[in-house]
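User: Please walk me through this structure. I will ask questions as we go.

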Amino acid sequence: MPERVVFMGTPAFAVPSLRALVDAGYEVVLVVTQPDRPKGRSGEPVPPPVKVFAASFGLRVFQPERLKDEAAIREILATSPDVIVTAAYGQIVPRALLEGPPFGAINVHASLLPKYRGAAPVAWALIRGETKTGVTIVRMVEALDAGPILAQRETSIYPHENAAILEARLAEMGASLLVETLPRYFRGEIEPVPQNEAEKTFAPLLHKEDGALDFHLSAQELVWRVRGLTPWPGAFFSAFGERILVLEAQAEDEGAFADASPGTIVDLADVIRIRAGKGVFVVRRLKPEGRREMTAAEFLRGRKTWKVGARVDPPAPRQALRG
């Protein structure tokens, strides 16, 4: 049975897959991860979660700036892996690595491919209001997340889940599916299933400015965005000179506020109600810029300047997120 594995991954999502390989007894001959990056106010370089985990197990770590460089490719192939396993690595894997090991390269992806190919599948599934998602193990090809499917597992998306909670659950699910799939893959018992290109959708990388809430959207769409954009880049609006990061929200019917225009604050009794394009967006938990997380009721105590009838300032432009 092939045992030599090169693992490639970077964020917390990838750690359970690496841990599962180690626990299953595979020989992880090299862990490839992104270089340490500056983070926080100090600007000091911080190692990615996969590097931290690999170091704790004494695994050899390699952090090339550019995976496409010939020197990086030689370094990886010199370990003579039977297979390369990737999970949210963060760089395109060149053909030389896809075709180098005898069993190629396989990827753990946090979506039901061919839906949500790309860098942020969990966030986009929530932003689009999906009720189901899952994990997929694919044999990698040069096109992004387009390889044939080796295994797939579906799960419901629960109402309390934001991107952080759902991603953590999918990371464990993907790790479990990975170690169930590998032995059958090595024995040739799996017939890869080509993806249906007609059903593909994309999940592009999110940017900080994507967190601005557009109150011309429906209240339900805004709630989906809060869930999909938490913890990063965070969904926000501004009012009375304060930038408010929304952490928990719900949607209500217009009711008595049907005549108000989108972006108008219509109620400040324990929660913040803002008229949306359809319905009312209700802020229940938030984080003012530079302060701690709190309930809307806690936030409103002592803020006499906040008035019903004011508009959030400035209203976000009428445009959809990219993709």
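Analyst: A word on the labels to begin with: helices (H or I, at least four residues) and strands (E, at least two residues) are DSSP runs, numbered from the N terminus.

User: What kind of model is this, and what pLDDT do local features need?

Analyst: This is a predicted model, in which local features need pLDDT of at least 70 and side-chain atom pairs count only at pLDDT 80 or more, while totals for chains, interfaces and linings use all residues. Residues are numbered from 1 along each chain as its sequence is written, and side-chain values use heavy atoms, with hydrogens and water left out.

User: Let us begin with Asp-145. Where does it lie?

Analyst: Asp-145 sits in the loop between E8 and E9. Its phi is near 55 degrees, a positive value in a residue other than glycine.

User: Is Asp-145 buried or exposed?

Analyst: Asp-145 has a relative accessible area of 15%, so it counts as buried. The term buried means under 20% relative accessible area, exposed means over 50%, and partly exposed covers the range in between (1.4 Å probe, protein chains only).

User: And what is the phi of Ser-80?

Analyst: Ser-80, another residue that is not glycine, has a positive phi near 50 degrees. Ser-80 is in the loop between H3 and strand E6 (83-87), and its relative accessibility of 47% makes it partly exposed.

User: Which residues does the cis bond with omega near 20 degrees connect?

Analyst: That cis peptide bond runs from Leu-113 to Pro-114. Pro-114 is placed in the loop between strand E7 (105-109) and helix H5 (121-127). A cis peptide bond also joins Trp-232 and Pro-233, with omega about 5 degrees. Pro-233 belongs to the loop between helix H7 (219-228) and E10.

User: Staying with E10, how many of its residues are buried?

Analyst: Strand E10 (residues 235-239) is mostly covered, with 5 of its 5 residues buried. Ala-235, Phe-237 and Ala-239 point one way, Phe-236 and Ser-238 point the other way, and all are buried.

User: Why is there such a pattern of directions?

Analyst: In a regular strand, side chains alternate between the two faces of the sheet.

User: In which sense do E10 and E11 pair?

Analyst: E10 and strand E11 (residues 242-252) pair in the antiparallel sense, over 5 bridges; two strands pair if DSSP finds at least two bridges between them. Ala-235 stands opposite Val-246 in E11. The hairpin of these strands has 2 residues between them, and Phe-240 there takes a positive phi near 50 degrees.

User: A change of topic: how many salt bridges are there?

Analyst: A salt bridge is a side-chain nitrogen of Lys or Arg within 4 Å of a carboxyl oxygen of Asp or Glu. By this rule the count comes to 22 salt bridges.

User: What is the N to O distance for Arg-37 and Glu-65?

Analyst: The side chains of Arg-37 and Glu-65 form a salt bridge at 3.0 Å, N to O. The pair links distant parts of the chain, 28 residues apart: Arg-37 is in strand E3 (residues 37-39), and Glu-65 is in the loop between strand E5 (61-62) and helix H3 (70-77). Arg-37 is partly exposed at 38% relative accessibility, whereas Glu-65 is exposed at 51%.

User: How far apart are the closest N and O atoms of Lys-132 and Glu-154?

Analyst: For the salt bridge of Lys-132 with Glu-154, the closest N and O atoms are 3.5 Å apart. Lys-132 lies in strand E8 (residues 132-139) and Glu-154 in strand E9 (residues 149-156), so the pair ties together parts that are 22 residues apart in sequence.

User: And how far apart in helix H3 are Glu-70 and Arg-74?

Analyst: Glu-70 and Arg-74 are 4 residues apart in helix H3, which means a separation of about one helical turn. Their salt bridge has its closest N and O atoms 3.9 Å apart, and both residues are exposed.

User: Which residues are linked in a network of salt bridges?

Analyst: Arg-95, Glu-99 and Glu-142 form such a network.

User: Finally, in which helix is Thr-181 found?

Analyst: Thr-181 is part of helix H6 (residues 163-186), and with a relative accessible area of 3% it is buried. Leaving aside residues up to four places away in sequence, Thr-181 touches Ile-137, Leu-150, Ala-151 and Ile-190, where contact means heavy atoms within 4.5 Å.
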